[in-house]
Amino acid sequence: MFRQFLIGQYEHKTAILHLLDPRTKILAMLLLSWIVFQSKTLEKMTMTSAVLLMLIVLGRLSFISLLRNLKPFYFLSAFILLMYVLFSPQQLMEGVFVVWRFVLFVFISCLLTFTTTISDLVTGLEKLLRPLALVKIEPRTVALLIALTIRFIPCFFLYAQRINDAQRARLGNLRQMKTIRTFILKLLERMFACANTVTDALLARNYTPRRNVFFVQLKMKIRDYAAIVLIAALAVLLS
């Protein structure tokens, strides 16, 4: 199950979404998330879903890959709906909206991570977070932490799958408390080791919170401004 989770993995293509400036995609992701959060009727949720499906088609993303990202959350979604059925059946539609919004949030995150490289994402976040320098917070450090968090998601599930496979080969069962405890401890050990490796790599490259030169040069184009205007107009329409 863990190897099916793909959030954080870039897919190299030449679709229009891949060509957009990362700052445009980050702002669009925030606006789309706000639209999803504000959509409280069936008509608005349907329109928002249609927009996301159109973006998925424009990005030439695989629907199979997107559905794989939802697989680890099938149980959680079913559990939420079950709680509404058992304890609040008159508000079942609200439970459907909760699961629906969750699915759309996953798709929005995939639209960003599948179409943006980590280097572009870090540079875009750093430029957008420049105002933080006014309050003595280094935007480069914040951007790097956010990007590493996104990148660690597939690593987390990859390590979890490897540990699970090793335990199953030794006849381990995740339904047993001893096996679960060992699984969690081994997973934490792997993640801390990975974080330590990243730290050593940053120190080896003389990482500093400040920098004056960007290896990735970003330049907003007409298509970027048009995309922001369209998403902003959609936000106003569905608000």
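Begin with the cartoon view of the chain, which displays 10 helices and 0 strands. Followed from the N terminus, the elements read α-α-α-α-α-α-α-α-α-α. Please bear in mind throughout that this is a predicted model.

**The whole chain**

Select the C-alpha atoms and orient the view along the principal axes: these atoms fill a box of roughly 55 × 55 × 35 Å. Next, display the surface. Its accessible area comes to about 14800 Å², and carbon and sulfur atoms account for 69% of it. Of the chain's 239 residues, 36% count as buried. Among contacts between residues at least 6 apart in sequence, 78% join residues at least 24 apart.

Now colour the charged side chains. There are 29 positive and 11 negative ones in the chain, and the centres of these two sets lie 4 Å apart.

**Helix H2 and Leu32**

Select residues 22–38, which make up helix H2, and show the side chain of Leu32 within it. Is Leu32 buried or exposed? Leu32 has a relative accessible area of 5% and is therefore buried, the limit being under 20%. Which residues does Leu32 touch, leaving aside those up to four places away in sequence? Select Leu52, Leu55, Ile108 and Ile231 to see these contacts. Then draw a distance from the C-alpha atom of Leu32 to that of Val51: the two are separated by 9.4 Å, and they stand 19 residues apart along the chain.

Remaining in this region, select Phe37 and Lys40. The charged end of Lys40 sits over the ring of Phe37, at 5.5 Å from the ring's centre.

**The loop at Arg60**

Proceed to the loop between helix H3 (42–58) and helix H4 (63–70), where Arg60 lies. The phi angle of Arg60 is near 50°, a positive value in a residue other than glycine. Arg60 is partly exposed, with a relative accessible area of 44%.

How many aromatic pairs does the structure hold? It holds 1 aromatic pair, formed by Phe97 and Trp100 in an edge-to-face arrangement. The ring centres are 6.0 Å apart, and the angle between the planes is 65°. An α-helix has 3.6 residues a turn, so residues three or four places apart point the same way. The two partners can also be viewed against the surface: Phe97 counts as buried at 8% relative accessibility, whereas Trp100 is partly exposed at 22%.

Select helix H7, residues 118–128. Its buried residues are Leu121, Val122, Thr123, Gly124, Leu125 and Glu126.

Finally, move to the loop between helix H7 and helix H8 (139–169) and select Lys136. Lys136 has a positive phi of about 65°, although it is not a glycine. Is Lys136 buried or exposed? With a relative accessible area of 76%, Lys136 is exposed.

Conventions:
Residues numbered from 1 in each chain as written. Predicted model: local features only at pLDDT ≥ 70, side-chain atom pairs only at ≥ 80, totals over all residues. Heavy atoms only, no water. Phe/Tyr/Trp six-rings, centres within 6.5 Å; stacked < 30°, edge-to-face > 60°. Buried < 20%, exposed > 50% of the residue type's maximum accessible area, 1.4 Å probe, protein only. Lys NZ or Arg CZ within 6 Å of the ring centre and 35° of its normal. Helix = DSSP H or I, 4+ residues; strand = E, 2+ residues; numbered from the N terminus. Contact = heavy atoms within 4.5 Å. Areas by Shrake-Rupley, 256 points an atom, 1.4 Å probe, with all protein chains shown as cover. Lys, Arg positive; Asp, Glu negative; His and termini not counted. Charge placed at Lys NZ, Arg CZ, Asp CG, Glu CD.
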